[in-house]
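User: I have a model open and want to know what backs each label put on it. Please take me through the definitions as we go.

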Amino acid sequence: LIQIHQLELARLQGDYSGRISDSFFVTGDASHPPAVANSVQPVARLSVKSAIERFQVEELDIRSVTPKTNEKRRALLRHVELFFGSDTDVATITRSDCNEFRSVLSRVSPNFGKQITKRVSMRSLAEGNKSEQRLAWETQNSYLRMADDLFGWLVKERMIGDNPANGIVPLRKKEAAETQRLPFNTAELEAIFNAPIYTGCMDDENGFAKPGTNIIRRSRYCVPLLALYSGMRMGETFQLTPAHTRRSANGTDY
């Protein structure tokens, strides 16, 4: 049925060659159906590193996304590779391994990526984290979804027979939306608006957080103030243009 649908889809796209792509039919084995366990074609040993490189080129790089999104995906994949091991055969990764990945993610601190070295692994960071700081549910989920996407793609390409990361969710309760972004308190607002960009900085580029003699009223200066006094979110503030400004009858700009 899958092969029939592939042929029908090809015809809808203008390909009437009737090319049989499934090796099950190409080799003439259709009269002797193999067991389900043998439906995945044998492939040479594939390391996690090689699988990720192919996944990046053949799947992620052809999607229309921003450079920032693409870089975020690469960062997620780098940690997937570090955890499972660059040289590990993807066919040997089990459900238990993926559940361990979830467990480690639930115990590392938010800045764990900067602490990983050749001698310091995610597992050791998770074991050594005695603080209460943990990755947010959304962050943990982004790592798990990337692993799910990777192994799901390997199944689709018939490189492995099963997706060991399918449907795994974070080991923590997802916070209610209304509690995830609480308003800044007075002390936090004072810290924000006593920063060098408001009291005097070197410049409003790389030197915006370094004390200096300049107060430059461009985007870095204005956006937080607009958000403070209007309640607008960052995305809404950044979309404003001069065309959105008006002047009242008594000369007040708004």
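User: Which residues in α4 meet which residues in α5?

Analyst: Val80, Phe83 and Phe84 in α4 meet Asp97, Cys98, Glu100, Phe101 and Val104 in α5. Contact means heavy atoms within 4.5 Å. The contact residues divide into 6 nonpolar, no polar and 2 charged. Ala, Val, Leu, Ile, Met, Phe, Trp, Tyr, Cys and Pro count as nonpolar, Asp, Glu, Lys and Arg as charged, and the others, Gly among them, as polar. This is a predicted model: local features need pLDDT of at least 70 and side-chain atom pairs pLDDT 80 or more, while totals for chains, interfaces and linings use all residues. Residues are numbered from 1 along each chain as its sequence is written, and side-chain values use heavy atoms, with hydrogens and water left out.

User: At what angle do the axes of α4 and α5 cross?

Analyst: Roughly 115°, with the axes of α4 (residues 67-84) and α5 (residues 95-105) coming within 11 Å. Axes are lines fitted to C-alpha atoms, for helices over the stretch in contact, and angles run from 0 to 180 degrees between N-to-C directions. Helices are DSSP runs (H or I, at least four residues), numbered from the N terminus.

User: What makes Lys156 and Glu59 a salt bridge?

Analyst: The definition asks for a side-chain nitrogen of Lys or Arg within 4 Å of a carboxyl oxygen of Asp or Glu. The closest N and O atoms of Lys156 and Glu59 are 3.5 Å apart, so the pair qualifies. Lys156 sits in helix α7 and Glu59 in helix α3 (residues 48-60), 97 residues apart. The structure holds 12 salt bridges.

User: What lines the largest cavity?

Analyst: Phe84, Cys98, Phe101, Leu144, Ala147, Ala165 and Ile168 line the largest cavity. The lining divides into 7 nonpolar, no polar and no charged. The volume is about 30 Å³. On a 1 Å grid over the protein atoms alone, a cavity is a set of points where a 1.4 Å probe fits but cannot get out, a pocket is an open set with protein on both sides within 12 Å along at least five of seven lines, and lining residues have an atom within 4 Å of a point. Grid points are joined across faces, edges and corners, and a volume is the space filled by probe spheres set on the points.

User: How many residues line the largest pocket, and which are closest to its centre?

Analyst: The lining has 16 residues, and Phe184, Ala227, Leu228, Met232 and Met234 are the closest to the centre. The pocket holds about 560 Å³ of space. α11 gives the largest share of the lining, 4 residues.

Methods. Helices (H or I, at least four residues) and strands (E, at least two) are DSSP runs, numbered from the N terminus.
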